[in-house]
4 protein chains.
Amino acid sequence: MTLRVGVIGTGMIGQDHIRRLTEVLSGVEVVGVTDIDQARAAAAAPGGAEVFANPSALISSSNVQAVVICSWGPAHEEQLLAAIAAGKPVFCEKPLVTSEAAALRVMEAEAAHGRRLVQVGFMRRFDADYRRLKAVIDGGRLGAPLMFHSVHRNASVPGGLYTSDMPLNDTLVHDADISRWLLSDEVAGVEVRVPRRSSRGGELRDPVFVLLHMASGALVDVEISVNIAYGYDIRGEVSCETGVAALPNRPATVISDANGIRQAIPEDWRERFIEAYDQEFREWILAASHGTATGPSTWDGYAATLVADAALRAAFSNSFEAVKMIAKPGLYGPPAALAAE
Amino acid sequence: MTLRVGVIGTGMIGQDHIRRLTEVLSGVEVVGVTDIDQARAAAAAPGGAEVFANPSALISSSNVQAVVICSWGPAHEEQLLAAIAAGKPVFCEKPLVTSEAAALRVMEAEAAHGRRLVQVGFMRRFDADYRRLKAVIDGGRLGAPLMFHSVHRNASVPGGLYTSDMPLNDTLVHDADISRWLLSDEVAGVEVRVPRRSSRGGELRDPVFVLLHMASGALVDVEISVNIAYGYDIRGEVSCETGVAALPNRPATVISDANGIRQAIPEDWRERFIEAYDQEFREWILAASHGTATGPSTWDGYAATLVADAALRAAFSNSFEAVKMIAKPGLYGPPAALAAE
Amino acid sequence: MTLRVGVIGTGMIGQDHIRRLTEVLSGVEVVGVTDIDQARAAAAAPGGAEVFANPSALISSSNVQAVVICSWGPAHEEQLLAAIAAGKPVFCEKPLVTSEAAALRVMEAEAAHGRRLVQVGFMRRFDADYRRLKAVIDGGRLGAPLMFHSVHRNASVPGGLYTSDMPLNDTLVHDADISRWLLSDEVAGVEVRVPRRSSRGGELRDPVFVLLHMASGALVDVEISVNIAYGYDIRGEVSCETGVAALPNRPATVISDANGIRQAIPEDWRERFIEAYDQEFREWILAASHGTATGPSTWDGYAATLVADAALRAAFSNSFEAVKMIAKPGLYGPPAALAAE
Amino acid sequence: MTLRVGVIGTGMIGQDHIRRLTEVLSGVEVVGVTDIDQARAAAAAPGGAEVFANPSALISSSNVQAVVICSWGPAHEEQLLAAIAAGKPVFCEKPLVTSEAAALRVMEAEAAHGRRLVQVGFMRRFDADYRRLKAVIDGGRLGAPLMFHSVHRNASVPGGLYTSDMPLNDTLVHDADISRWLLSDEVAGVEVRVPRRSSRGGELRDPVFVLLHMASGALVDVEISVNIAYGYDIRGEVSCETGVAALPNRPATVISDANGIRQAIPEDWRERFIEAYDQEFREWILAASHGTATGPSTWDGYAATLVADAALRAAFSNSFEAVKMIAKPGLYGPPAALAAE
C-alpha cells in the first residue's frame with residue numbers, strides 16, 4: 001500500500017523532501033504539490049503529480065491522504081488547522097507555528113480530533129547517534145542525568161540574512177527539543193549569556209551561551225556558534241550520577257598525514273543529518289499510513305515556541321525567564337518523568 | 001516504476017533480503033519465491049507473491065523481471081546460466097560459484113550476452129566506511145598504496161559446523177575482494193601462515209594469517225580471528241607513500257564509566273553491515289531496472305574463487321601460491337590499473 | 001650546584017614533595033623539615049636533614065636556601081612573610097592565603113623586596129596536556145578564544161569532611177587559575193548554578209556549575225562533579241573564532257574486549273598529575289637556584305582567593321558577583337592581554 | 001649518594017645522554033668522557049669532568065664507577081669486555097655488538113663475573129605506553145597473545161646514508177626486542193617480504209614487511225616504512241584469545257579546524273621517546289649504584305643480533321630463516337615462558 005502525499009511549499013527544503021519521498025523511500029508517492037510560486041511548484045512536481053492552486057485545494061483533495069508542510073512559518077497555523085479539520089496526517093517543518101497562542105489553537109484542534117495527526121520536523125530525534133545516546137541514558141546504568149552539555153556549531157551563516165535573534169529562535173530550538181527528549185524532561189526556565197563576540201560575524205551576536213533549567217533540576221548548557229568556519233559540529237555530553245555519555249565523532253576515514261591523525265568534520269547540516277531526515281520520513285510514512293503521527297508532536301512544537309520566546313526575553317533581561325506550560329493534554333502522553341521521583 | 005523480483009532460496013539470508021526488498025527499499029516488489037523446501041518458501045513469500053515449484057519456473061516467469069539467488073553455492077551455476085539465458089538481471093549471494101571452471105562458464109555466457117547481468121553479493125563495497133576509505137586512496141593525496149592491513153574478527157563460530165578450511169574459502173573472500181577493490185588491483189599470489197592456535201576453538205585452525213601479493217606489488221596482510229569473543233571487529237588500514245588511511249571506530253555512544261572511556265563494538269555482521277546490505281540492493285534495483293548490474297561482477301566472483309583456491313593450497317604447501325587469471329573480458333572494464341605505471 | 005631546601009609541613013602532600021625532591025629530581029636536597037607534629041617531621045626527614053622546632057627556625061637557618069610550604073592554609077601568611085623577609089625563594093602549596101587582605105599583605109612585602117620570591121602550587125600549569133593546549137591557543141591559528149568549557153570530575157570525596165563550600169573554594173580554584181592562564185585573561189565576575197543533586201553525596205551540593213566572566217568577555221563554564229564514581233576526569237575545550245582545541249584522552253592502552261573499545265581513566269589526581277608535580281618542582285628548583293620564582297605567582301594566588309570568595313557569594317546570591325582586583329603590580333608582568341585589543 | 005659515570009663516545013647520542021645525566025636526572029654525575037675526537041670530547045665534557053685519552057683509561061679510572069658506551073658498534077665488544085673485567089656496570093647503546101661470536105664472548109665474560117653488569121639501550125621497554133600494554137597482556141584477562149602487529153614508520157631517512165640493509169639490522173631490532181619483551185617469548189625464525197617500493201626513496205628497499213615466528217607459535221608482523229613523510233609513527237596491537245590491546249595515540253591537543261578533528265603526530269624518535277630515555281637511565285642509575293644492571297641484558301642484545309642476521313638472510317633467500325639460540329644462561333633468568341604451556 002502506498003501513501004499518497006501532497007507537499008505544500010516547494011522551496012529548498014520542500015524540494016529536498018520531494019526528492020526523498022520520490023527517490024529514496026518506499027511506500028509513499030507525491031501526488032500533489034503547491035507553492036505561492038506556481039511555476040516553482042510545477043518545476044518541483046514529480047511526474048504524475050498535480051499542481052494545486054493553493055494549500056486549501058491540496059489539503060481537501062480526495063487524492064491526497066497526508067500532507068507535508070514546507071511553507072514559511074507564519075502560514076503553518078492555517079494549513080495545520082485545515083489538515084486537522086480534514087482528518088489528514090500532516091508532517092510540519094519547523095517552526096510548528098510562530099506564537100504561543102497559535103500553538104494552543106493547533107493543540108486544541110488536534111485534541112478535539114482525538115488522535116495525533118501532527119508530526120513536527122525535529123529530525124535530531126531520528127539520528128542514530130542521538131538515539132543510541134538516549135538508549136544509554138534511559139538504560140539507567142549511569143544513574144540520573146544531572147547535566148547536559150550541548151554544542152551547536154555552524155561553519156557560517158549568510159551575512160545580513162541571519163540576525164541576532166536567530167541563534168535563539170531558529171538554532172536553539174534544536175538543542176532545546178533534543179534536551180527535552182534525551183532527558184525526558186521539560187524546560188522550566190532559560191538564561192542567556194553573551195560571550196566575547198567573534199570577529200567573523202560583524203555585529204552578529206555570536207557565539208551565544210544558553211542555560212536551560214529543566215523541570216527535574218537538570219541543567220543544560222548550550223554553546224551556539226554560527227560562524228566558526230571549520231565545519232558543522234554537533235556535540236552533546238550527558239553527565240549522570242555515575243558516568244557520562246556523549247555523542248561520538250562522526251564516522252570518517254582516519255587519515256594520518258602532515259596534518260596529524262584526523263577525521264573530517266561534516267560541512268553542513270545536510271551532510272550531518274541526511275540519514276536522520278530519511279528515517280524521520282520513514283517513520284512518518286508508517287504512522288501516516290495508519291492515519292496518525294509519531295515522534296515530535298504538537299506538544300513538542302508548543303514547547304519549542306515557549307523556549308524560544310523565553311530565550312529572546314532572557315537575552316534582553318539577562319535574567320532567568322520562566323517557561324510556563326499548560327497541563328499536558330493526555331493525547332501527548334504522560335507528563336515528562338521527573339527523574340528525581 | 002517498480003522492479004518485479006523473484007527470490008531463489010528462502011533460508012536465513014533469503015528471508016532477510018525479502019524483508020529488505022519488501023519493507024525497506026522502494027522501487028521494488030517481490031513477486032515470486034522458490035525454495036527446495038516448498039513450505040519454507042510459502043512461509044517466506046510476501047502477500048501476493050507466487051510460490052514457484054523450482055528456480056527454472058521462477059526465472060522463466062514473465063512476471064519476474066530480475067532474480068535474487070540465495071540458494072546454496074553448488075546450485076548457483078545452473079541458476080545463473082538460466083537467468084543469463086533469459087536475459088534477466090540477477091543478484092547472486094556469495095559464492096558466485098564453487099569452481100574456477102564454473103566461473104569461466106558463467107563469464108562466457110554473460111560475455112556472449114554482451115551486457116553485465118550478474119551482481120555478486122560483496123556487500124563491503126557498499127559500506128560507507130569502506131567507500132570513504134577508497135575515496136581517500138583514489139584521491140591520490142597520500143601517494144600510491146603500498147600495504148593494506150585487513151583485520152577480520154568474529155566473536156564466535158558454531159563449533160563443529162565451521163571447519164578449518166572456512167577461514168580461507170568463506171571468510172577470506174571478503175578481505176580479498178575488498179583489497180582488490182580498494183587498491184584497484186588484482187591478487188597475484190597468496191601465502192598463509194598459521195599462528196599459535198586459540199584455545200577457544202578446539203582443533204579449529206584459528207587465527208589464520210594471510211598475505212595477498214597484489215599485481216602492483218602492494219602487499220596485503222590479513223588477520224582472520226573467528227572466535228575472539230569480544231565482538232565482530234572489521235579493521236583496515238592502507239599505508240601509502242606519504243600517509244595512512246584507516247577505517248574508523250564504528251559510531252557508538254562514548255561512555256565514561258567504571259570500564260573507562262569506551263565505545264561498543266558490533267556483535268555480528270548483521271549489525272555491522274546492515275546499511276551496506278540496504279545500499280547494495282538499492283543500487284542493484286536501480287541497475288536491474290535498466291536491465292543490467294553494477295558493483296561486484298562475475299569477474300570479481302571469479303577472482304574470489306581463484307584466491308580461495310590458492311589460499312587453500314597455500315595453507316597446505318606453506319608456500320607462495322600464484323593466482324593466474326585469464327585476460328579480463330572487456331565487459332568488465334579495463335584491467336586493474338597498476339599503480340606502478 | 002644543589003639547592004638546599006627546607007620543608008614546612010610533613011603531612012601527606014609534604015611527604016610526597018619530600019619524596020619527589022629526594023628521589024626523583026636533581027639539583028636539590030632536603031636539608032630541613034618541620035611540622036607541628038615533631039614526631040611526624042622526624043619520621044619524614046630524609047637522612048641528614050635537620051628537624052627544626054618551628055617554621056621560623058627553619059626559614060632563618062643559614063643552611064636553608066629555599067622553602068617549601070605544605071602547612072595548612074591559615075599558617076601560610078606568616079610563613080610567606082618570614083621567607084620574603086629572609087629573601088628566600090618559597091614554594092607555597094594552595095591556597096596561597098585564606099583572605100584577600102592577607103594576599104595583599106604578601107604581595108606588598110614581595111613588591112617591597114623587588115623581585116619575585118613566591119611560587120604557588122597550581123600544578124596544572126606544568127601539565128604537558130595543558131601546556132600544549134595553551135601553545136595552540138597562543139599560536140593564534142584558531143583566532144581569539146571566546147569560550148572555555150572546563151570539566152572537573154572527581155570519583156569521590158570523603159563524606160562529612162568535604163562540605164558544600166569546598167567545590168567552590170577548594171576545587172574551583174584550579175579551573176579558575178587554568179582559565180586565567182590558558183586565556184591570558186582575568187576573571188571579572190562569577191555566577192554559580194546548582195543543578196539537580198547527585199544522590200551519591202547525601203546533602204552535598206554536587207554537581208555545581210560555574211560561569212566565569214573573563215575581562216576580555218570570554219566566557220568560561222565549569223562543571224564540577226566531585227562524586228561521579230567512575231574516575232578522576234579533567235577535561236577542557238576552548239572554542240575560538242575559527243576552531244576548537246581540547247585536552248585529549250589520557251594515554252592508556254586501547255583495549256578491545258567485552259566492554260567495547262576503551263581506555264582507562266585516571267583514578268585520582270595523584271595519577272593524573274604526577275608528572276605535572278615533578279615538572280612544577282623541576283622549574284621551581286631552577287628558578288630558586290637563581291634566587292627567584294617562576295610560574296604561578298602571588299598575583300595568581302591573590303586572584304584565586306578573590307574568585308573563590310566571589311563564587312561563595314554567588315552561590316548564595318544566585319547573581320553575578322564581580323571580582324575586583326587592584327592594579328597589577330609591575331613585578332607580576334603586564335596586565336593580562338585582552339584579546340580584543 | 002651520587003653515581004660517578006664515564007661516557008665513551010660524544011657524538012649526537014652521547015651528547016644527549018650527557019645532557020640527560022647532567023641536567024635531568026638525579027643521583028648521577030658525569031665525571032669523565034672520551035672520544036676518538038678529543039676536541040669533541042672536550043667540548044662535550046660537563047664542568048669538572050675529566051677528558052680521558054681513550055676508553056681503556058676511562059674504564060680503569062678509579063673515579064669512574066659506571067660506564068656509558070655511545071661509541072660506534074664495532075668498538076663495543078672491547079669496551080664491554082674491559083668494563084666487565086673491571087667489574088663496572090655499563091650501559092651500552094645499540095647494537096650490543098656486531099656479530100654473534102662477539103655477543104657470545106661478552107655473555108661468557110659476564111657469566112664468569114657472576115652478576116649482570118651490562119644493560120643494552122632498548123629504550124622502548126621504558127616507554128610508558130609499552131609498559132601499560134605489557135601490563136595488560138601479562139594481566140591475562142585477554143587470554144594468551146597470538147599475534148602482534150608492529151608498525152614502525154619514520155618520516156624520512158638521509159638519502160645515501162641509509163641503505164637497504166638498515167631497515168633490517170638497524171630499525172627492525174626495536175620491533176624484535178619489544179616483541180620478545182611484550183610476549184615474554186623468543187624469536188624462532190624470520191621471514192621478509194618486500195612490497196611495492198615507495199617512490200620517495202629512490203632505490204631504497206622501503207617499505208619492508210617482516211614476519212617474526214615466535215617460539216610459542218605467536219606470529220609478529222612488522223611494517224617498516226622509513227620514508228613516509230608524515231611523521232614518526234610507532235604503533236602496536238596484540239591480538240589475544242578474547243581481546244585486543246594496542247598502543248594509543250600519543251597525547252596531543254585535539255584540534256578541530258579546517259583539517260578536521262585531529263591530533264599531531266611526533267616528528268621523530270627524539271620527540272616520541274624522550275621520556276623513555278629518561279626513564280631508562282633513571283633505572284640504570286639505580287641498578288648501577290648497586291653494582292649491577294636492569295632491563296635489556298646481554299642476552300637481549302645477543303637475541304637482537306641473531307634476529308637481524310636472520311632477517312638479512314631472509315631478505316636474500318625469500319624463505320624462512322631460523323634463529324638458533326644457545327641455552328639461556330641462568331644469569332639472565334628463566335627461559336621465556338611459553339604461553340602454550
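Which residues of chain A does UniProt list for "domain: GFO/IDH/MocA-like oxidoreductase"?

Tutor: The model shown here is a predicted one. For chain A, the UniProt record, an unreviewed entry, lists residues 130-244 under "domain: GFO/IDH/MocA-like oxidoreductase". This span is 24% helix and 34% strand, and the C-alpha atoms at its ends lie 14 Å apart. The record, again as an unreviewed entry, also places a feature named "domain: Gfo/Idh/MocA-like oxidoreductase N-terminal" at residues 3-122 of chain A.

The contact between chain D and chain B may be considered next. Chain D contributes 38 residues to the contact, and chain B contributes 38 residues. In chain D, the residues that lose the most area to chain B are Met147(D), Arg196(D) and Glu241(D), which together make up 26% of what that side buries. The size of an interface is often expressed as the accessible area lost when the parts come together. For chain D and chain B, about 2,900 Å² is buried between them, and 60% of this area is on carbon and sulfur atoms. Four salt bridges are counted between chain D and chain B. Arg153(D) forms a salt bridge with Glu237(B), in which the closest N and O atoms are 2.8 Å apart.

The arrangement of the two copies can also be described. Chain D is superposed on chain B by a rotation of 180 degrees, with 0.0 Å of shift along the axis and an RMSD of 0.0 Å. The two copies are thus related as by a two-fold rotation axis. Of the interface residues of chain D, 100% are also interface residues in chain B, so the copies meet through the same surface.

Six strands of chain C form an open sheet with parallel pairing, in the order β3-β2-β1-β4-β5-β6. Its edge strands are β3 (50-51) and β6 (118-120) of chain C, each of which pairs on one side only. Within the sheet, strand β1 (residues 3-8) of chain C pairs with strand β4 (residues 66-69) of chain C in the parallel sense, over four bridges. Ile8(C) stands opposite Ile69(C), a residue in β4(C). Helix α1 (residues 12-24) of chain C lies across β1, β2 (28-34), β4 and β5 (90-92) of chain C, and the helix runs at about 150 degrees to β2(C).

Key. Residues numbered from 1 in each chain as written. Chains lettered and ligands numbered in written order. Predicted model: local features only at pLDDT ≥ 70, side-chain atom pairs only at ≥ 80, totals over all residues. Heavy atoms only, no water. Least-squares fit on C-alpha atoms with pLDDT ≥ 70 in both. Contact = heavy atoms within 4.5 Å. Pairing = 2+ DSSP bridges. Helix = DSSP H or I, 4+ residues; strand = E, 2+ residues; numbered from the N terminus. Axes fitted to C-alpha atoms, helices over the stretch in contact; angles between N-to-C directions. UniProt positions renumbered as here; feature names shortened; annotations may be inferred. Buried area = accessible area lost by both parts, 1.4 Å probe. Salt bridge = Lys/Arg side-chain N within 4 Å of Asp/Glu carboxyl O.
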